Amino acid sequence: MPFIIGSEVAERFSYYGMLAILPTFLVAQFFNPGRDASLTAGAEARANELVHSFAALGYALPVVGALLADWVLGKYRVILYLSILYCGGHALLAVFSEDLPGFQLGLLVVAVGMGGIKSSVTANLGDQFDQRTAHLLPKAYGWFQMAIDVGAAVATVLTPLLYAHYGAAVAFGVPGVLMGAAALTFWAGRRRYVRVPPTGLRAGLRHTLGPGESRAALRRVLTVFAFVPALWMLNEQTSSEWVLQATHLNRELWPGFRPLAEQLQVTGIVFGIGLNPLLTYGLYPALARRGVRVTALRRMGAGMVIAALAVLIIGGVQRSLDAGNTPSAWWQVLAYCVNTTGVIMVAITGLEYAYTHAPKALKSLTTSLWILTIAVANFGLSLLHGNIARGGWLTGLHGANFYWFFVALMGLNVALFALVASRLEEKIYVGPAPTVPLPAQ
C-alpha cells in the first residue's frame, strides 16, 4: 500500500499543479492577452469551457481504462503504460505553452493518461484487501484521499509561484517531472502488489451484460451514482469559476499577505487534510457508539447538503461583486472549507461504495462509473459555459444567478436522492462472495 499511496501523491501533484493555473493561464495567454475589460466575461467563459471539456474527457476515459484492466491487460500494466503516456502530455503542455493547438494536444494526452489510470489505481488499492482485512477498507480509502489532498495542496501553492516567477513552460513542466516520479514509485512496488488477473473479454462481457447478480449489482450502483453529478458540478467550479472570481476580490487576508488567486484553493485542501481523519476516526465512530447508523448513503446525502451551503456563500460573494463592491477573499476561504467538508463526505464514501458494492469481475468498472459522474458534471458545465460564451439562451445565468441556479439544482437532487435511498436494498462484496444483504438505508 505505501507504493500506491506514494505514487498517488505525486500523480495528484502533477494533475492539480497543472489545473491550478489552467483557467487564469488560458485567459491571459490565449483568450484575453490584452486584458481588455470588455472581453473579460467572454474570455472567462471560453476558459471555463475548455477547462471543463478537458476535465470531462479525463474523467470519462476511466471507463475505457477499467475495461482494459478488468478484461484484457490487468490493472498493473494499464497503470504503468498510461502513466508513461501521461508524462508525455505534460511535456507537450510545457513545449506548446505559447501555441493553442499544440497546448490543446497536450491537454488531450494528459486527459488520456490521467483518465486511463484513474479507476485502476483506486480499484488496485481495494485489491490489496480480502475478507479478513475488509474492515480496514474505509481507513485505506481515507489515507488514499489524504494522499490526493497532500499532493494537491503542495501543487496548488507551488505551481502558481512557478508560473508567476518562471513562466508557463516551467510551471507546466514541473508537474510532468512529478508524474514521472509517480510512475517510478508505482513501478518500484511491482513485486509487492496483489494482482487480480484479467477475466478475459468474453467473460467480462458475460458478467456485465448477462443476467444474474452482476447485472443487479451494477443496477444498484448506477442508481446511487445517478445523483452524484450534481455534487461534482458544484465542486468542479472551485478550480475554475471560483479561481477567476478570486481575481476580482480583495485578497489581502492579513496585512502584508496577499496570496495569488490560484492559491486560495489550498485553504480547502489543507482543511480537508485535517478533516478527513477527524471524520473517519472521530465523528463517524462516535455517532456509531451512540446508536446512530452513519451509513454510506446517509453520509453522501449530508455531504451534498453541505456542499450546497458553500455555493450559497459564493453566490453571496458574487452578488457583492455585481453591486460594484470588492469583498474580502476570506469569504472564499470559508466557502472552500465548507465545500471540502461536503465533498469529502461524498468522495471517500463513493470510492468505497464503488468497490464494495460490485462483484469481483466488475470492481474496476464500477470504480470507473463513479469517476464518470465527474465527467458528466464537467461536460454539463462545459456546455453551459459554451452557450454563455456564444450568447445563447443561457446567458441569463451570469453573475450571482449562475450560483443560485446550482443551489436550486442541488436542492432538487437531494430531495430525490433521499426518496430513492430510503427504498434501496444493498449487498456488499469483498472477495469472491457477497456478505449478508444490508437492510434498506
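Biologist: What is the relative accessible area of Leu-416?

Modeller: This is a predicted model: local features need pLDDT of at least 70, side-chain atom pairs count only at pLDDT 80 or more, and totals for chains, interfaces and linings use all residues. Residues are numbered from 1 along each chain as its sequence is written, and side-chain values use heavy atoms, leaving out hydrogens and water. Buried means under 20% relative accessible area, exposed means over 50%, and partly exposed lies in between (1.4 Å probe, protein chains only). Leu-416 counts as partly exposed because its relative accessible area is 42%.

Biologist: Where is Leu-416, and how far is Pro-255 from it in space?

Modeller: Helices are DSSP runs (H or I, at least four residues; strands are E, at least two), numbered from the N terminus. Leu-416 belongs to helix 16. Pro-255 is 161 residues away in sequence, and the C-alpha to C-alpha distance is 46 Å.

Biologist: What is the average pLDDT of the chain?

Modeller: pLDDT is the predictor's confidence in each residue, from 0 to 100. A score of at least 70 is reached by 90% of the residues, and the chain average is 85.

Biologist: How many residues apart in sequence are the parts tied together by Arg-390 and Glu-49?

Modeller: The side chains of Arg-390 and Glu-49 form a salt bridge, 3.4 Å from N to O. Arg-390 sits in the loop between helix 15 (363-389) and helix 16 (400-421), while Glu-49 sits in helix 2, so the parts tied together are 341 residues apart.

Biologist: Why does Arg-390 count as exposed, and why does Glu-49 count as buried?

Modeller: Arg-390 counts as exposed because its relative accessibility is 62%. Glu-49 counts as buried because its relative accessibility is 19%.

Biologist: Which side chain of opposite charge is nearest to Glu-44?

Modeller: Glu-44 is in helix 2 (residues 40-60). Glu-44 is buried yet has no salt bridge. Lys and Arg count as positive and Asp and Glu as negative, while His and the chain ends are not counted. At 10 Å, the nearest side chain of opposite charge is Arg-251.

Biologist: What is the phi of Arg-35?

Modeller: Most residues other than glycine have a negative phi, and most peptide bonds are trans. Arg-35 lies in the loop between helix 1 and helix 2. Arg-35 is exposed, with a relative accessible area of 73%. Though not a glycine, Arg-35 has a positive phi of about 55°.

Definitions and conventions:
Salt bridge = Lys/Arg side-chain N within 4 Å of Asp/Glu carboxyl O.
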